[in-house]
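Student: I would like a close look at one part of this model. Please take it step by step.

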Amino acid sequence: CPSGIFIVEVPGLTIGGSNVMQEGHGYIALVRKNAMGSKWDSVEKRLFMEYQKRVYYPFVNAIRETACGWVPESGVVPEWLTCAAWCDGCQPQLYALMDDKTQALDR
């Protein structure tokens, strides 16, 4: 994989996944030790940004669409559909969350 990070969606890999009727899915990230690229100073930052882009925001937007009727093409997220995410305070996560590109994903 050219990016150095390969994320696999796995059906049933969720909390409570021992229930054979579970329809959720989880993710496994395979990361090369040199997955930083030139603009990242750590693999952890890069992985967190990829998680935000490939897992977190698609999940949040799917809930907005299916449960609340939000239309992504509008490009505007109403205040009542904004969300908050918990972050453990790890420096790469904080750095990635403060990045302008990450903040632009939630518009």
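Student: Does Glu-50 count as buried or exposed, and at what relative accessibility?

Tutor: Some ground rules come before the answer. This is a predicted model, where local features need pLDDT of at least 70, side-chain atom pairs count only at pLDDT 80 or more, and totals for chains, interfaces and linings use all residues. Residues are numbered from 1 along each chain as its sequence is written, and side-chain values use heavy atoms, with hydrogens and water left out.

Now to your residue. Glu-50 counts as buried, at 8% relative accessibility. Buried means under 20% relative accessible area, exposed means over 50%, and partly exposed lies in between (1.4 Å probe, protein chains only).

Next, look at the partners of Glu-50. Its side chain meets that of Lys-53 in a salt bridge, at 3.8 Å from N to O. A salt bridge here is a side-chain nitrogen of Lys or Arg within 4 Å of a carboxyl oxygen of Asp or Glu. Side chains of opposite charge can pair when their charged atoms come close. Glu-50 and Lys-53 are about one helical turn apart, because they sit three residues apart in helix α1 (residues 43–68). Helices are DSSP runs (H or I, at least four residues), strands are too (E, at least two), and both are numbered from the N terminus. Lys-53 is partly exposed, with a relative accessible area of 47%.

Then turn to Arg-54. The side chains of Glu-50 and Arg-54 also form a salt bridge, at 2.8 Å from N to O. Both residues lie in helix α1, four residues apart, about one turn of the helix. Arg-54 is partly exposed, at 34% relative accessible area. The whole structure holds two salt bridges.

Glu-23 is in the loop between β1 (5–11) and β2 (25–31). Glu-23 is exposed, with a relative accessible area of 77%. Its C-alpha atom is 9.3 Å from that of Leu-13, 10 residues away along the chain.

Last, check the cysteines. The structure has zero disulfides, a disulfide being a pair of cysteine sulfur atoms within 2.5 Å. Cys-68 is partly exposed, at 34% relative accessibility. Cys-83 is partly exposed as well, at 34%.
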